[in-house]
Amino acid sequence: MKVSELKEKLDLTLCAGEDGIEKELAGCYIGDLLSLAMAHVSEKNVWITIQTNVNVIAVSALTEAGCVILAEGLKPDENALSKANAEGIPVLSSEKTAYELAVELSALGI
């Protein structure tokens, strides 16, 4: 599944990184501690977090995550928006909790 399809199916808001909207997705990681994310986010993963700063984008680029979903209605800060756009890393937002997003991702086979 592509980020663009996931965006539509889960009614997500695209905050940044439109250039990466056609990336393929496989798997999911949920976590907010950046050091653990660096160790466990895999290529093409959906990463669900509540962290909104530029370091999330750096970790996403390093791990080649497919996209970042910010749970609970959070939005990225200005530095994160700028870096995500420059790197082509899709950052999406949802009012849902991480758990609710995980359940929906599982139902979609991610």
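The model is predicted: local features require pLDDT of at least 70, side-chain atom pairs count only at pLDDT 80 or more, and totals for chains, interfaces and linings use all residues. Residues are numbered from 1 along each chain as its sequence is written, and side-chain values use heavy atoms, leaving out hydrogens and water.

**The cores.** Select Ala37, Val41, Trp47, Ile57, Val68 and Val91, which touch the most other members of the largest nonpolar core, a set of 16 residues. Such a core consists of buried Ala, Val, Leu, Ile, Met, Phe, Trp, Tyr and Cys residues joined through side-chain atoms within 4.5 Å. Buried denotes under 20% relative accessible area, exposed over 50%, and partly exposed in between (1.4 Å probe, protein chains only). At least two residues of this core come from each of α3 (54-63), β4 (67-70) and α4 (78-87); helices (H or I, at least four residues) and strands (E, at least two) are DSSP runs numbered from the N terminus. Apart from this core lies another, of 15 residues, including Val3, Leu25, Ile48 and Ile110.

**Helix α3.** Next, display Val56, Ile57, Val59, Ser60 and Thr63, the buried residues of α3. They lie on the same side of the helix, because they cover an arc of only 165° around the axis, taken from the directions from the helix axis to the C-beta atoms. Their packing partners are α2 (34-40), β3 (46-49), β4, α4 and β5 (91-93). Centre on Ile57: beyond its neighbours within four places in sequence, Ile57 is in contact (heavy atoms within 4.5 Å) with Ala80, Lys83, Ala84, Ile89 and Val91. Just after the helix, Glu64 has a positive phi of about 60°.

**Two loops.** Most residues other than glycine have a negative phi. Select Asp11, in the loop between α1 (3-9) and β1 (13-16), where phi is positive at about 55°; Asp11 is exposed, at 67% relative accessibility. Then move to Lys44, in the loop between α2 and β3, with a positive phi near 75°.

**Salt bridges.** Finally, show the 4 salt bridges, each a side-chain nitrogen of Lys or Arg within 4 Å of a carboxyl oxygen of Asp or Glu. In one of them, the closest N and O atoms of Glu22 and Lys2 are 3.7 Å apart. This pair links distant parts of the chain, 20 residues apart. Glu87 and Lys83 form another, at 3.2 Å from N to O; both lie in α4, 4 residues apart, about one turn of the helix.
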